Amino acid sequence: MKKTSIFFSVIISAWMVFQPVTSFAASPNKYGLPDFSQLVADTNQSVVNISTTKKIDRQAMAEQFKGMPEEMLRHFFGLPQFRNDPNGNPNPNSDPKKAPKQETHSLGSGFIISEDGYILTNNHVIDGADEIIVRMRNRQELKAKVIGTDPRTDVALIKIDAHNLPFAKIGKSSDLKVGQWVLAIGEPFGLDFTATHGIISALGRALPEDTYVPFIQSDVPINPGNSGGPLFNLNGEVVGINSQIYSKTGGSMGLSFSIPIDIAMNVVNQLKTNGKVARGYLGVQIQEVTNDLAQSFGLSKPEGALVGQTYPDTAAAKAGIQPGDIILEFDGKPIKKSADLPPIVGMTSLKKSVKVKVLRQGKTIYFTVHLNSLDQAEEYTQNSKAQPDKNNRLGALVKELDSESLKALNLPFGVMVTDVLGGAAEKAGLRSGDIIVTIDFKPVKSIKGLKKLMKTLPKNRSLPVRVVRNKRSLFLPLVLDK
């Protein structure tokens, strides 16, 4: 199971089995309710069962379960007996380093998307697998190879060596509406070929740690064993890949989340072409526009993504986007809430010139941006954190505050941390957004003053740094090592 947060237990859509989909809508029965039987019959041959085998080092496994009763480990996990037997004779597996690797198995779902054997599933279903076996609806079993994966969207593309296969018809998740009926077929808890149905509960749902996926939320019962299978509309078209559930028990609670098929097919096309996914990066830190903020910015209603910070040398900074701007449209697509922006940016081609509509101090302004690659931005960030600027003893980037900002915080002076690069600042616990007021009880009134002060401070000694964080004053211990 994949976990998105403490509240989100991963699992979801099984190995639904659907043959080339015909445009067969579920017809109502004599009671006026939809009858899914023909829909299931028309689509089930394209859904597959995916089983994986992983070889795990027994020493690592032994360390992982250290302290648990040995009988429990053998009974529930199939682990070998590491200690000597009751007669004191050495056990062949007594030394985990010499013992053979332990095999673990897991099950998931997927669906065929082309007659030549391409299959879509979740990345977490096949992640780290040494062997992947695909079982068709006719019980035929074939080995699969990984074409490519994208952990950010939890999408994986695998392939089996076969031809003339039944494949699922791909729909458009962008056409979905809340309240529509949807169908899933899978293997919850190992119960082969189980069909479940429900309605679309919400669209564009943002989950923790899944910034680039606007999930489809439904009340379709999804359980362990369903991961990677398709979500169908009543026309037999795949509109999503079942990926996660919200659960306090491990079972379905009526909150299921699927990856929109539009997102998944964008990933598929890139994996087929380049073997990896290139994702756009704008270079802004954003926040939600609340009702109070909307009024203060002159908006008639809360909408858009408020820019809290623009990172240097990024597409946004080069285009002229500034903190305080509210992004209302990106590439012609409206930004209704802040969570709408990252997936749209992520799916935008890096070769494209993009128009961005923003609201700045009550006026509408348009910018043209040329996106950076997210991977390049992350590599730059990682390198920056690992090797801070040699001339920056603090290990942080700062900016000066205007008089109005200082007055609002009831501060006579101070500079704001915009990015923590590593080194002393990171060890001290400084965060982006902190306002440095004093270091070693000496005032910090400007960037120039801070640089001058840093040259005089001793190293290898704890120095008190007073910062204001969320309108609260606190002290942090700063130790300069150079």
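This is a predicted model: local features need pLDDT of at least 70, side-chain atom pairs count only at pLDDT 80 or more; totals for chains, interfaces and linings use all residues.
**View 1. The whole protein chain.** Here you can find 12 helices and 30 strands; helices (H or I, at least four residues) and strands (E, at least two) are DSSP runs, numbered from the N terminus. Of its 482 residues, 48% count as buried, where buried means under 20% relative accessible area, exposed over 50%, and partly exposed in between (1.4 Å probe, protein chains only). Among contacts (heavy atoms within 4.5 Å) with a separation of 6 or more, 64% join residues 24 or more positions apart.

**View 2. The largest nonpolar core.** A nonpolar core is a set of buried Ala, Val, Leu, Ile, Met, Phe, Trp, Tyr and Cys residues joined through side-chain atoms within 4.5 Å. The largest one has 30 residues, and F111, L120, I241 and I261 have the most contacts inside it. Two or more residues each come from α1 (37-43), β6 (118-122), β9 (155-160), β11 (181-186), β15 (237-246), β16 (256-260) and α5 (261-274). Of these, α5 gives the most, with seven residues. Another core, of 23 residues, lies apart from it and includes A424, V467, L476 and L480.

**View 3. Strand β16 and its partners.** Five of the five residues of β16 are buried. Two strands pair if DSSP finds at least two bridges between them. Strand β13 (residues 215-218) runs antiparallel to β16 and is joined to it by three bridges; look for I216 opposite S258. β15 also pairs with β16 in the antiparallel sense, over five bridges, and here G240 has P260 as its bridge partner.

**View 4. The largest pocket.** On a 1 Å grid over the protein atoms alone, a cavity is a set of points where a 1.4 Å probe fits but cannot get out, and a pocket is an open set with protein on both sides within 12 Å along at least five of seven lines; lining residues have an atom within 4 Å of a point. Grid points are joined across faces, edges and corners, and a volume is the space filled by probe spheres set on the points. The largest pocket holds about 1200 Å³ of space. Of its 30 lining residues, Q287, G308, P323, K399 and M416 are the closest to its centre. β19 (305-310) gives the most to this lining, with five residues. By class, the lining has 13 nonpolar, 11 polar and six charged residues; Ala, Val, Leu, Ile, Met, Phe, Trp, Tyr, Cys and Pro count as nonpolar, Asp, Glu, Lys and Arg as charged, and the others, Gly among them, as polar.

**View 5. The largest cavity.** The whole structure has two cavities of 30 Å³ or more. Residues lining the largest include T153, Y212, N266, R279 and M347. α5 gives the most to this lining, with four residues, and the lining divides into seven nonpolar, four polar and one charged.

View 6. R152 sits in the loop between β8 (141-150) and β9, and is partly exposed, with a relative accessible area of 30%.

Conventions
Residues are numbered from 1 along each chain as its sequence is written. Side-chain values use heavy atoms; hydrogens and water are left out.
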